[in-house]
Amino acid sequence: MKLPEIQTLQMTRTNPAHTGVAKLSEIAGAPLNSIPNAVENSVEKTRRSFDSYLMEAFSAMNQQQVNVTDLQQQVITDPDSVDLHDVTIAMSKARASLNLAQSVIDRLVQGWSEITTTR
């Protein structure tokens with residue numbers, strides 16, 4: 001009597017420099033055909049570069065700043081249409097995202113200066 005082949009969930013390694021190049025199924029001895037090609041292709045689609053991630057984060061931060069400005073103008077022109085709590089919350093979110101962006105920029109500049117001065 002032949003036992004049916006057990007299909008296992010396969011984890012893929014996305015960065016060979018950090019985790020090695022062998023697939024986990026090769027290390028564990030699992031069958032190699034248990035990984036669908038769709039999973040491997042989806043990993044490639046979700047990978048983003050650092051600069052695209054950074055630009056997306058700065059765009060979101062900028063959009064929060066613009067939303068606060070729009071809410072402030074709306075409070076001035078039509079005070080009954082906007083709740084003051086919403087304006088306060090939007091201002092706090094925008095301030096927090098701006099502080100986070102400033103911290104990231106400061107750390108990037110500090111890291112870059114450390115890299116360029118290291119010999």
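Start by selecting Ser97: at 15% relative accessibility, this residue counts as buried (buried means under 20% relative accessible area, exposed over 50%, partly exposed in between, with a 1.4 Å probe and protein chains only). Ser97 belongs to helix α5; helices here are DSSP runs of H or I with at least four residues, strands are E runs of at least two, and both are numbered from the N terminus. Show its surroundings next: setting aside neighbours within four places in sequence, Ser97 is in contact with Met61, Gln64 and Gln65, where contact means heavy atoms within 4.5 Å.

Before we move on, a word about what you have open. This is a predicted model, in which local features need pLDDT of at least 70 and side-chain atom pairs count only at pLDDT 80 or more, while totals for chains, interfaces and linings use all residues. Residues are numbered from 1 along each chain as its sequence is written, and side-chain values use heavy atoms, with hydrogens and water left out.

Now zoom out and colour by secondary structure. You will find five helices and zero strands, in the order α-α-α-α-α from the N terminus on. The chain has 119 residues, of which 13% count as buried. Among contacts with a separation of 6 or more, 47% join residues 24 or more positions apart.

Next, select residues 50-77 and residues 84-117 together. These are helix α4 and helix α5, packed at an angle of about 150 degrees with their axes 9 Å apart. The axes are lines fitted to C-alpha atoms, for helices over the stretch in contact, and the angles run from 0 to 180 degrees between N-to-C directions. How are α4 and α5 oriented to each other? They are roughly antiparallel, a label for angles over 145 degrees. By class, the contact of α4 with α5 has 16 nonpolar, four polar and three charged residues. Here Ala, Val, Leu, Ile, Met, Phe, Trp, Tyr, Cys and Pro count as nonpolar, Asp, Glu, Lys and Arg as charged, and the others, Gly among them, as polar.

Stay on helix α4 and pick Ala57. This residue is partly exposed, at 38% relative accessibility.

Gln63 is another stop in helix α4. Is Gln63 buried or partly exposed? With a relative accessible area of 43%, Gln63 is partly exposed. A C-alpha to C-alpha line to Ala94, 31 residues away along the chain, spans 8.8 Å.

For the last stop, follow the chain into the loop between α4 and α5 and select Val82. Val82 is buried, with a relative accessible area of 9%. Not counting residues up to four places away in sequence, Val82 touches Leu71, Gln74, Val75 and Val87. Gln72 is 10 residues from Val82 in sequence, and their C-alpha atoms are 9.2 Å apart.

Technical notes:
Angles under 35 degrees count as roughly parallel, over 145 as roughly antiparallel, 65 to 115 as roughly perpendicular and the rest as oblique.
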